[in-house]
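Student: Can we go through this structure together, one question at a time? I'd like to see how each answer is reached.

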Amino acid sequence: MSAETTIEGQVAGAEQEVPILEVRDLVKHYPIRQGPLGRGTGSVRAVDGVSFSIPRGRTVGLVGESGSGKSTTARLANRLIEPTSGQVFFDGDDLLAKRGRELTALRRRMQMIFQDPYGSLNPRMTVLNIVGEPLEVHGVARGKARVARVVELLETVGLSGRDLYRFPHQFSGGQAQRLGIARALATSPDVIFCDESVSALDVSVQAQILNLLKRLQHEHGLSYLFIAHDLNVVRYMADELCVMYMGEIVERGGSDAVFAEPLHPYTQMLLAAIPGHDPTTARARERATARGEVPSPSAPPSGCRFHTRCPLAFDRCRTEAPRLQPGPEPGRAAACHLLDTTSGGKP
Amino acid sequence: MIRYLLGRLGYGAVVLVLVTVFVFIAMTFIPSDAVDLMLADTGASEEQAEALRTELGLDQPVHQQLAGFLGGAVQGDFGTSFYTNEPVVDLFLDRVPVTLQLGLLSLAVGTVIGVAFGILAAVRRGTRTDGTIRAVAVAGLSVPNYVVGLLLLTVLGLWFAWSPPFVYTSPTEDFGSWLQQMALPAIALGTSAVAGTARMTRSSLLENLGSQFIRTVRAKGASERLVLYKHALRNSVISVLTLLGVNLGTVLGGTVILEQMFSLPGTGQLIFESVQNRDYPVVIACTIFYAGLFVVTMIIIDLLYALVDPRIRAAREAGK
Amino acid sequence: MSSDVMRSSLPPAGSPFEPPPRRVNPAAWWAGLKRFVRSEPLGAVSLALITIIVLVAVFAPLVAPYDPLLQHRTRTTEGPSGDFLLGTDDLGRDVLSRLIYGARSSMIIGVLTTAISLVLGTIIGVVSGFLGKTKDLVIQRVMDAIQSVPPLVLLLFMAVVLTPSIEGTIIALVIVITPSFNRVARAETLRIREEPYIEAARATGASALRIMTRHVLPNMVAPLLTMSSLLFAGVIIAESALSFLGIGTPPPTPSWGLMLSEGVRYVEMAPWMVFAPGIVLSMAVFAFNLLGDSLRDFLDPRLHR
């Protein structure tokens, strides 16, 4: 569906089409405590001013190395963690202003699928109780209706009613993740947050799970926030892409466009690191030599946070933090001084 | 190190104040008050009883009694006995040496036997000796220490016609007599510490013997005996120290009943007699003193811990 | 498609949710017991011993040869014989019958104290660990305070406050034991709280109460069970010690501690008055200690793979 509707939504009816989820300037700082009295001596900037939105029925991918703040961003967006500052709008409602029952009501509409298929399932619960828990929590179905709904969910994800009274450890990794998906689907949510949902699985199983997620999206009109460090996986799933580095979004745009021509040196580096991936431009291949390690998030580098590892860094990068600049196509942006049209992108 | 010590002392003070609060709250649950019991047989009039209540401060609400007690405690005044009119502190300090002698002696007995068993079990791991030691250790833990004392008394009395001297003499006065009197209760109390110490020594020795560090020492050509005693055992001291703290509560509590049984004039006997006489000020203060004894010893063990293990010292000085 | 999907897309046998749900599965319990007996023979022995003690305590009137209070005035301090298997005491009461009835006091006090402390300590520990921060700090300092008074001293103190009775003994013992359960429950809560399935439950929208009862509690059953067995042993010791000191179960109700203290005076004349209750008491404590020890090994998941 989507290509036409999106263009229409963006161009013609920008005001009618409220994104299902929108976050603005999300910030999460963790204070570092030291000494007997726990005085703050600084803070780790896990997420530092992240904004994006997920249109209905679409998938936004969040990529970056481990420690870049992807998972934290997802947990801030569904309020598993309280943000230090920023705003979250779920279907136009201010999520951070909700309390108690109102919050629970919104929780019903956004669910999450986790990285560790076994770890995220309570080992002492049966499948019925695991998948049926959201139904109970939100009072969707009780008794026989609940059992029937769980069976329906199990069949939806490729398991069966025979599994109702089994325990998580009796399933394979892929099956366990299917249970996680069934649980996430239970309340018919609008958005599902997928946090590295396939990275713990074997490659062959990964494909099955990804196809299942795509099929479910199609059938139920789901929106995904899809987090992964595996770029091939993200490319397969995401319509739009946000690349994160040290708690900030450094590049965004349509998934295909970003893969075809990455604008930010960091994105180029990530793409070049994919085994077998052929960077489309020779320029990118030359630039994209990964060097160094991610600096400590408690003492981020001055200026552009990537300058310590960037092969193209120049003086301005060390002193001035770049802002997201619009790219060549609509919807694209990157935070790099090289794209600054006023200085012609030159040192 | 100083900052760490101050932190521990602060913690100890908080715990002791909480104990005091607990004690005073609990005292409000006593159905009839102390004065009624004291004057029950004397036929004193109600006015005399009132006068006595006022004098003892029993007519005040709990929080005022508590505040009064804490205020006095800061100046070293923990109240006076209903019966002897002596300050409780003096009563307690008079008797605390006996309890400490007994406590330390039994901790020493328990630790020495426990460590010996533990080493034996570790060296002979997997053999029948190992299994036997485990069973014996759990069995030792299971015979209540006062029962051990009773059985020892019975067996020695019946078959060897020997019983310890009945009147306590201090070790400086007559060491032989003192030892004769202390031996049985110390052994009885010590048995409860044997099982845990043996188990801990065994597992920590085995862990250490399997470690990289010991493999290096072995590779250098050190003898098995040297490896065991010099290197592995030294590393096991820390776990044994931890257990000292665990055993401490049991041993301190055990002194109460064993002092009673062996008629040792220690603090255990003091608190037991006061309980029977309903000498409330003494009971209250002794309960708090026992907690104080426990807290202080725990702090000392914590400090030893930090001295023995440089890693812990470093970590604590860094803050957490 | 791999076997992953193949296996479960097989047509379900019968209606989709057969077999019907069954909350407690006796077969699974039986299988678990058999596994325990096989991997922990010592534990099995202790379990058998405990079963015997409990049965004897429950059916005391049927098992005991005499009324435990009946005084055979002409046959005081008589040694073991065909009439009195373990002899008689100074008042001519049958020692064996008194031991059997004494098991009752010990088991009643042991079961009630352990059960009440388990519930209390677990609630305190879970809530404290779950709340964290200042509330946790305050609760734990209070628990530390209770534990800083040596158990027997605290029991003596409580004896002043409470009138000597079974209820009084239980209340005092509960106060002494609860902090130990709190400690285990809190440590487990702190561990379990970090498990991914807790976050998953939060993400589905489950309330804190639901997470504590449905997710945290069921996952700490093993260590609590071990602790219960070990503390049960401690409670039996403490109860007997209180009776021995004359501030526990009030006479003439038979109790092991009381029998010991009565026996002390007659050690020379009637040593069985000390040996019999001493050995039985130690056996009971040994059984519970050993069971706890075996449970710890059996239930520790690290020792399985």
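Student: What pattern does chain C follow when you read along its sequence?
Tutor: Keep in mind that this is a predicted model. Chain C comes to 13 helices and 0 strands. Reading along the sequence, the pattern is therefore written with helix symbols, under the DSSP run definition of helices and strands: α-α-α-α-α-α-α-α-α-α-α-α-α.

Student: Okay, and what percentage of chain C is buried?
Tutor: Here a residue is buried if 20 or more other C-beta atoms lie within 10 Å of its own. Chain C has 305 residues, and the buried share of them is 50%.

Student: Among contacts in chain C between residues at least 6 apart in sequence, how many percent join residues at least 24 apart?
Tutor: Start with one residue, Leu155(C). Setting aside neighbours within four places in sequence, Leu155(C) is in contact with Ala172(C), Val176(C), Ala238(C) and Leu242(C). Now take the contacts in chain C between residues at least 6 apart: the share joining residues at least 24 apart is 69%.

Student: Which element supplies the largest share of the side of chain C that touches chain B?
Tutor: The contact takes 40 residues from chain B and 36 residues from chain C. On the chain C side, H6, H7, H11, H12 and H13 each supply at least two residues. The largest share is 9 residues, and it comes from H13(C).

Student: How many nonpolar residues are on that side of chain C?
Tutor: Sort the residues on the side of chain C that touches chain B by class. There are 4 charged and 5 polar ones. The nonpolar count is 27.

Student: Let's switch to chain A. How many strands does it have?
Tutor: Chain A is 347 residues long, with 44% of them buried. Its secondary structure has 12 helices, and the number of strands is 12.

Student: What is the order of the strands in the open sheet of chain A?
Tutor: This sheet has 8 strands, and the pairing is mixed. E6 and E11 stand at the edges with a single partner strand each, so one side of each has no neighbour in the sheet. The order is E6-E7-E8-E3-E9-E10-E12-E11.

Student: Last one: how many of the residues of E7(A) are buried?
Tutor: Check both faces. On one side Val191(A), Phe193(A) and Asp195(A) are buried, and on the other Ile192(A) and Cys194(A) are buried too. For this strand, residues 191–195, the count is 5 of 5.

Technical notes:
Residues are numbered from 1 along each chain as its sequence is written. Chains are lettered from A and ligands numbered from 1 in the order in which they are written. This is a predicted model: local features need pLDDT of at least 70, side-chain atom pairs count only at pLDDT 80 or more; totals for chains, interfaces and linings use all residues. Two residues are in contact if their C-beta atoms, placed from the backbone, lie within 7 Å. Helices (H or I, at least four residues) and strands (E, at least two) are DSSP runs, numbered from the N terminus. Ala, Val, Leu, Ile, Met, Phe, Trp, Tyr, Cys and Pro count as nonpolar, Asp, Glu, Lys and Arg as charged, and the others, Gly among them, as polar. A residue is buried if 20 or more other C-beta atoms lie within 10 Å of its own, exposed if 12 or fewer, and partly exposed in between; C-beta atoms are placed from the backbone. Two strands pair if DSSP finds at least two bridges between them.
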